[in-house]
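Let's take a friendly tour of one protein chain.

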Amino acid sequence: MNIFFEWSRCIDGYQIQTDKINPETQIIIPKSNIYNKFNPLDSHSALLMQLAGIQTKRGFIQFANHNGLLFSQQKDTESVEAWKLYTKQMNEAKEALRIENWDCLIHYFNLNKLNLVNIYIDSSDNLLNIKITPQTLLQAIWWQFLETVSDGKNLEICTFCSTWFTVGPGTGRRKRRQNTRYSFCSPHHQGQFAYLKQKEK
Ligand SMILES: [Zn+2]
């Protein structure tokens, strides 16, 4: 399965403010109307695990600065309440994965996945590949998560920077050995961690 995805992000970042029409509501808004196109899945192999761990407004803004909004692209706003709801679902899916409660996982996936996703079969490299093109970042996050779980990849968290990433078949990374305590998202962070440990001695 291949996920094809392109998304927009405001290059000046995002901020939270009170909605003018509905003062009870806090919204996440872009700081300008300058956007760039990119694929958030390229730079992060485990976005659901990452977002599931975020519960603060500051965390939401940091996530949006890196990845854009969850379901709208340009000149749009999203409520903080909606982000809280979606991250709560992700957190529950993360826990369901940990305890291998597949029914719960499927339930959340079904809630978040399918609308407007295009699925087609591509034969460009002489093999038949299933390709999926999500329409929103929220969908893309769930499809990325499903792909990880269904392909038998594993998820690990970097000891140095707390970023989640995938390991196992097709990821180019080996699963952490059982007798090792630490995982790293990159050789660079492994080096940084070793350097700090060394300094502590
Ligand atoms: Zn790291």
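Leaving aside its neighbours within four places in sequence, which residues is Lys57 in contact with? The answer is Ile16 and Val80, where a contact means that the two C-beta atoms, placed from the backbone, lie within 7 Å.

Before going on, a word about what you're looking at. This is a predicted model, in which local features need pLDDT of at least 70 and side-chain atom pairs count only at pLDDT 80 or more, while totals for chains, interfaces and linings use all residues. Residues are numbered from 1 along each chain as its sequence is written.

**Lys57 and its helix**

Lys57 sits in helix H3. Helices here are DSSP runs of H or I with at least four residues, strands are runs of E with at least two, and both are numbered from the N terminus. Lys57 has 15 other C-beta atoms within 10 Å, so it counts as partly exposed. The cut-offs go like this: 20 or more other C-beta atoms within 10 Å of a residue's own make it buried, 12 or fewer make it exposed, and anything in between is partly exposed, with C-beta atoms placed from the backbone. For a sense of distance, Lys57 and Ala194 are 137 residues apart in sequence and 32 Å apart in space, C-alpha to C-alpha.

H3 covers residues 57-67, and Phe60, Phe63, Ala64 and Asn67 are buried in it. They take up an arc of only 100 degrees around the axis, so they end up on the same side of H3. That arc is the one formed by the directions from the helix axis to the C-beta atoms. Why does this spacing work? An α-helix has 3.6 residues a turn, so residues three or four places apart point the same way. After H3 comes Gly68, with a positive phi near 85 degrees.

Two strands count as paired if DSSP finds at least two bridges between them. S1 and S8 run parallel and are joined by 2 bridges, and Asn2 stands opposite Lys131 in S8.

**Zooming out**

Overall, the chain has 7 helices and 10 strands. Its domain assignment, which is automatic or from a database, gives domain 1 (2-150) and domain 2 (153-201). Their C-alpha centres lie 24 Å apart, and the contact takes 5 residues from domain 1 and 7 residues from domain 2.

What about overall size? The C-alpha trace spans about 55 × 50 × 35 Å along its principal axes. Buried residues make up 27% of the 201 residues. Finally, of the contacts between residues at least 6 apart in sequence, 58% join residues at least 24 apart.
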